[in-house]
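Dear colleague,

My notes on it follow directly after.

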Amino acid sequence: MKPLKRYGQNFLIDKNILAFIISRSRPSFQDCVLEIGPGHGVLTRALLAEGVACLHTIELDERLRPELEDLAANNDSLKLHFADAVRFDYATLDPFPDKVIANIPYNITTPLIWKSLQYPIKYYLLMLQKELALRLIAPPDTKERYPLGVAIEAMGHASIVKRVSRKSFRPAPEVDSALVEIVIEKNFGIMKDSSWSELLHKGFAHRRKTLRNNLGEVAGIYSDKRAEDLTCEQWLDLYKNIKPLLYVEGAL
């Protein structure tokens with residue numbers, strides 16, 4: 001089957017990387033796991049072999065249905081969902097997953113992670129484009145810093161646990177990759193507040209401008225700073241201070 005570029009399909013073929021994913025994420029019989037973009041089921045089979053209690057997969061490409069349904073026919077713990085992962089209602093998953101372990105299609109990475117953080121999932125191990133992985137962990141005062149990295153830092157932490165060569169996939173992508181581990185441990189529910197999302201996106205809307213230009217008077221004591229200059233603690237402080245102002249129409 002020819003991979004489709006519009007689906008961002010690059011299938012993992014490196015068994016050493018596959019073994020690392022399983023070793024690092026440590027799926028067990030107690031886990032319900034979510035895999036996004038299972039493709040031909042290489043990682044799916046490895047997860048099932050670990051005896052996970054439940055494995056949800058979300059796949060957009062209907063051409064893969066026969067292959068994945070054959071796999072599910074022999075594995076009661078495998079639950080298939082053929083849908084757009086960005087639009088999917090994760091609240092319908094039953095049982096609900098406690099881990100996301102996936103080789104995410106690179107063309108939907110940012111909106112997909114942003115959406116998934118609205119749900120009570122505490123552990124992620126994701127294969128991402130290397131440049132995006134570096135942005136996720138970018139510290140303040142760097143040009144790579146961006147809203148999703150701040151959002152994750154506000155809830156826990158992200159780290160690159162392994163660099164992955166483009167040769168580990170077929171077809172080989174034009175970029176190298178990295179495995180990113182995300183652990184969520186605080187501020188649960190903050191991503192459900194649209195004002196937090198709006199604050200971050202508007203703050204970073206024009207990166208060369210100060211927060212006074214991007215946010216107006218609500219930027220307060222941070223007016224003369226740029227979005228990438230703020231620490232996570234300063235973003236949370238700004239969020240706390242603007243909450244009362246959000247009842248005023250047009251505050252943001």
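Helix α4 passes helix α6 in a left-handed crossing. Please bear in mind that this is a predicted model.

The two helices span residues 109–116 (α4) and residues 147–155 (α6), and their axes come within 11 Å and cross at roughly 25°. Because angles under 35 degrees count as roughly parallel, α4 is roughly parallel to α6. On the α4 side, the residues that meet α6 are T110, I113 and W114; their partners in α6 are P147, L148, A151 and I152. The residues of this contact divide into 6 nonpolar, 1 polar and no charged.

Helix α6 is largely enclosed by the rest of the structure, because 8 of its 9 residues are buried. The buried residues of α6 are P147, L148, G149, V150, A151, I152, A154 and M155. What covers them includes helix α4, together with α5 (130–136), α7 (194–203) and α9 (232–242), as well as the strands β7 (156–164) and β9 (177–184).

I also looked at the cysteines. A disulfide is a covalent bond between the sulfur atoms of two cysteines. The count of disulfides here comes to 0. C32 is in no disulfide, and the nearest cysteine sulfur, that of C54, is 3.3 Å away; the cut-off for a disulfide is a pair of sulfur atoms within 2.5 Å. C32 is buried, with a relative accessible area of 6%. C232 also counts as buried, at 2% relative accessibility.

With kind regards

Terms used. Residues are numbered from 1 along each chain as its sequence is written. This is a predicted model: local features need pLDDT of at least 70, side-chain atom pairs count only at pLDDT 80 or more; totals for chains, interfaces and linings use all residues. Side-chain values use heavy atoms; hydrogens and water are left out. Axes are lines fitted to C-alpha atoms, for helices over the stretch in contact, and angles run from 0 to 180 degrees between N-to-C directions. Helices (H or I, at least four residues) and strands (E, at least two) are DSSP runs, numbered from the N terminus. Angles under 35 degrees count as roughly parallel, over 145 as roughly antiparallel, 65 to 115 as roughly perpendicular and the rest as oblique. A crossing is left-handed if the near helix is turned anticlockwise from the far one by less than a right angle, and right-handed if clockwise. Contact means heavy atoms within 4.5 Å. Ala, Val, Leu, Ile, Met, Phe, Trp, Tyr, Cys and Pro count as nonpolar, Asp, Glu, Lys and Arg as charged, and the others, Gly among them, as polar. Buried means under 20% relative accessible area, exposed over 50%, partly exposed in between (1.4 Å probe, protein chains only).
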